[in-house]
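Here are some friendly notes to read alongside the model.

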Amino acid sequence: MSVFWRDVKRGQNLYIDDVEGKEEVIGGYRENKLGIDAYARTFGYEPERSRKGFDSVEAAKLFVESFCPWEIFGVRDVMVELESRAKLD
């Protein structure tokens, strides 16, 4: 299992993948005119996992990672890859 950021249109998504290569989005951020919006995935209603108006990409990514959204898939003790992956075509 690995956790990594992948470039997407106007931002990045945080993914988890399994040994078979299946990828699942578990968070992300988007840049827009008013700042940066970020969210961490959940299976319930938790509005505190989404926030708008970040000043930097780094702050938005730290916000998402602070929730350890990979844990909802039962994954523990994993490190987020330092380098983001390129956008898929």
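**Notes on the aromatic rings**

1. At 31% relative accessibility, F73 counts as partly exposed, the class between buried (under 20% relative accessible area) and exposed (over 50%), with a 1.4 Å probe and protein chains only. F43 counts as exposed because its relative accessibility is 58%.

2. A word on the source: this is a predicted model, in which local features need pLDDT of at least 70 and side-chain atom pairs count only at pLDDT 80 or more, while totals for chains, interfaces and linings use all residues. Residues are numbered from 1 along each chain as its sequence is written, and side-chain values use heavy atoms, leaving out hydrogens and water.

3. How many aromatic pairs are there? Rings of Phe, Tyr and Trp (its six-membered ring) pair if their centres lie within 6.5 Å; planes under 30 degrees apart count as stacked, over 60 as edge-to-face and the rest as tilted. By this rule there are 5 aromatic pairs. In one of them, F4 and Y15 have ring centres 5.6 Å apart and planes at 10 degrees, so they are stacked. Both F4 and Y15 are buried.

4. The rings of F43 and F73 have centres 5.9 Å apart and planes at 70 degrees, so this pair is edge-to-face.

5. Ring pairs also link F54, F63 and F67 into a cluster.

6. Now the charges: one sits over a ring if NZ of Lys or CZ of Arg is within 6 Å of the ring centre and within 35 degrees of the ring normal. The charged end of R85 sits over the ring of F4, 3.6 Å from its centre, and R6 lies over the face of Y15, at 5.6 Å from the ring centre.
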